Amino acid sequence: MTLYLNESDVRQLLGMSRAVEEVERAFSAHGRGQAVDIPRRRTRQPGGHLHILQAAAPEIGVIGYKAYYNKPGKPLNTLLHLLNHAQGHTEAIIESDWLGRIRTGAATGVAARYLAREDARVLGLFGYGRHARTQLQAVCTVRDIDEVKVFGRNQDAVRAFCDEMSQQVPARVRPAQSREETVRGSDIIVTMTRAFEPLFDGHWLEPGQFIAATGSNALDRREIDTETVRRADVIVVDSREVAQGECGDLLPAYENGLIYWEHLADMGGVVSGRWPGRTSDAQITLFESHGMALQDLYAGAAVLAAARERGMGVPLPMMGPEEK
């Protein structure tokens with residue numbers, strides 16, 4: 001039976017703690033060579049772009065893809081297709097706007113678990129949009145955050161964001177007075193914007209900080225400067241293959257010979273123990289996140305299992321291979 005799950009179903013069935021757990025499993029499988037992830041492919045057309053990500057996760061019996069159409073001014077149309085890895089039939093079709101947001105935040109949560117200091121208490125957040133919400137929730141899920149400083153260009157929107165998120169996380173969430181204040185004194189710095197120029201000066205960074213740069217998923221977009229890359233003692237990407245095609249943050253450093261793609265650690269390697277991650281409290285660590293279909297598959301499979309247990313979703317009239 002193919003099950004169709006809508007956005008409301010997904011929101012009921014997948015919370016942040018479970019999302020972090022599933023994304024960590026996805027990273028681990030990738031790091032152990034037990035899963036395959038195919039970088040995003042884009043079909044660009046005037047007025048809209050179609051994006052497709054694919055992956056295979058044999059250890060949970062799933063192969064599949066996520067497709068979404070991004071048209072300015074229109075709601076995001078995004079669907080995750082889960083297929084049975086052994087039998088080939090479609091297990092589920094899941095509306096995945098929220099799924100994409102929560103797994104993107106969860107990836108930062110996993111990175112913070114491995115790359116931020118255990119005693120991290122202060123978060124500096126650049127951004128106040130829909131993805132910034134799940135970034136904040138994820139960091140607060142894995143670390144005991146006391147204070148969150150939020151910076152953005154629209155002060156009214158920043159204040160509204162702080163008021164909203166103060167009700168959702170056990171931390172004081174307040175507007176930052178400047179970009180520099182957002183960085184200085186923060187144990188964790190998260191960027192989730194659509195910036196085309198660096199958001200802060202890398203000279204402001206302090207020993208022991210963890211930076212999660214999560215908004216730049218195109219080569220012409222950039223949230224951090226070359227000084228930040230130069231000062232990072234540890235640089236981890238979610239996928240080297242994805243980073244080479246999408247990481248506008250690291251491209252200038254690569255072109256200047258500061259980094260080499262093949263030498264970068266990936267998060268799967270850190271989670272599975274092939275790369276060390278943070279090894280001292282004084283290190284500055286950097287995580288570059290661009291998104292992997294594998295994260296969608298693990299999160300989606302958890303949603304599907306929970307939906308079956310609770311009898312949720314709409315069965316679709318699609319035949320399995322044994323019925324054809």
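Visitor: Which residues lie nearest the centre of the second largest pocket, and how many line it?

Guide: In this predicted model the lining comprises 14 residues, with Asp233, Val234, Ile235, His263 and Leu264 nearest the centre. Local features require pLDDT of at least 70 and side-chain atom pairs pLDDT 80 or more, whereas totals for chains, interfaces and linings use all residues. Residues are numbered from 1 along each chain as its sequence is written, and side-chain values rest on heavy atoms, without hydrogens and water.

Visitor: What makes a set of points a pocket, and what makes a residue part of its lining?

Guide: On a 1 Å grid over the protein atoms alone, a pocket is an open set with protein on both sides within 12 Å along at least five of seven lines, whereas a cavity is a set where a 1.4 Å probe fits but cannot get out; a lining residue has an atom within 4 Å of a point. The second largest pocket has a volume of about 170 Å³, the space filled by probe spheres set on points joined across faces, edges and corners.

Visitor: Which elements each supply at least two residues of this lining?

Guide: They are α7 (226–231) and β12 (234–237); helices (H or I, at least four residues) and strands (E, at least two) are DSSP runs numbered from the N terminus.

Visitor: Why is Glu227 counted as buried?

Guide: Buried means under 20% relative accessible area, exposed over 50% and partly exposed in between, with a 1.4 Å probe and protein chains only. Glu227 has 15% relative accessibility, so it counts as buried. Glu227 lies in helix α7 and touches Gly202 and His203, residues up to four places away in sequence not being counted; contact means heavy atoms within 4.5 Å.

Visitor: How do you know that Gln295 and Val173 are buried?

Guide: Gln295 has 1% relative accessibility and therefore counts as buried; Val173, at 7%, is buried as well. Gln295 is in helix α11 (residues 293–310), and beyond its neighbours within four places in sequence its contacts include Val23, Phe27 and Asp238. Val173 belongs to strand β9 (residues 172–175); with neighbours within four places left aside, its contacts include Leu136, Val148 and Cys162.

Visitor: What makes the charged end of Arg11 sit over the ring of Trp98?

Guide: The criterion asks for NZ of Lys or CZ of Arg within 6 Å of the ring centre and within 35 degrees of the ring normal. The charged end of Arg11 is 4.2 Å from the centre of the Trp98 ring and is counted as sitting over that ring.
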